[in-house]
Amino acid sequence: NGSHYNGNDASYYEWWYFHFVSENGFAANIVLHETDIFGLEKNPYISTSLRLPDGEIKYGRTSLDIDKREIEQFSDNLHVSGGVCLVSKIIEEEKSVKMSLNFFNSISFETQIRKLYPPMVMNDGVLYDNPKLSGTSYWTVNIPFGMCEVKLEIEGRKYKFNCFAYQDHQWGNLPIQNFA
């Protein structure tokens, strides 16, 4: 459902959460943070936590350059109508999401998730609404089930994993600390 980025509202937050899991024990979480929800700072970043099949755990973080576009744009692999365009890092298309990420120059993560089912939106996306605080939190599941091949390089070691994928999206102006 696109992005709802709002750089001017200090109470606004947004994140996209991706989860990958493979039958061989590999798992990854990648989160795009428009706002650091726990520190409540406007400091966009992408974080990852990885579990390799041998049990080794790796973490990474890189800055997220948000490029807000208000007009429709077309290029070879990109159609953006408003919202956020993460050029060369994450590109959402109708039937897939492409990712090409580098963390600390020691972790490289590439994939293209095939969207196998339509998005899930319950209660018009409203997760929590509090008129007293003039705030609302929204949640949608953009990819309830997807498939992909992950290409991963960590400190010179290269891996390929066939993965199941999931992605949800949360945004609003009522921080989860107020109700969770």
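Biologist: Which side chain does the side chain of Gln 170 make a polar contact with?

Modeller: With that of Ser 137, at 3.3 Å. A polar contact here is a pair of N or O atoms within 3.5 Å; within protein, one must be able to donate a hydrogen and the other to accept it, and residues adjacent in sequence count only if both atoms are side-chain atoms. This is a predicted model, where local features need pLDDT of at least 70, side-chain atom pairs count only at pLDDT 80 or more, and totals for chains, interfaces and linings use all residues. Residues are numbered from 1 along each chain as its sequence is written, and side-chain values use heavy atoms, with hydrogens and water left out.

Biologist: Is Gln 170 buried or exposed?

Modeller: Buried, because its relative accessibility is 10%. Buried means under 20% relative accessible area, exposed over 50%, partly exposed in between (1.4 Å probe, protein chains only).

Biologist: Where does Gln 170 sit?

Modeller: In strand β14. Strands (E, at least two residues) and helices (H or I, at least four) are DSSP runs, numbered from the N terminus. Trp 15 stands opposite Gln 170.

Biologist: How do β1 and β14 pair?

Modeller: Antiparallel, over nine bridges. Two strands pair if DSSP finds at least two bridges between them. β1 also pairs with β2, again in the antiparallel sense, over seven bridges. There, Phe 18 stands opposite Ile 30.

Biologist: What about the hairpin of β1 and β2, how many residues lie between the strands?

Modeller: Five, and Gly 25 in that hairpin takes a positive phi near 105°.

Biologist: Switching topic. How many helices and strands in the protein?

Modeller: Zero helices and 14 strands. Of the 180 residues, 42% count as buried.

Biologist: And how many residues in the largest nonpolar core?

Modeller: The count is 26. Such a core is a set of buried Ala, Val, Leu, Ile, Met, Phe, Trp, Tyr and Cys residues joined through side-chain atoms within 4.5 Å. Those with the most contacts inside it include Phe 18, Phe 26, Ile 30 and Leu 152. Strands that each supply at least two residues include β1, β2, β13 and β14.

Biologist: Which strand gives the most to this core?

Modeller: β13, with five residues.

Biologist: What does Phe 26 touch?

Modeller: Not counting residues up to four places away in sequence, its contacts include Phe 20, Leu 50, Phe 109, Leu 152 and Phe 161. Contact means heavy atoms within 4.5 Å.
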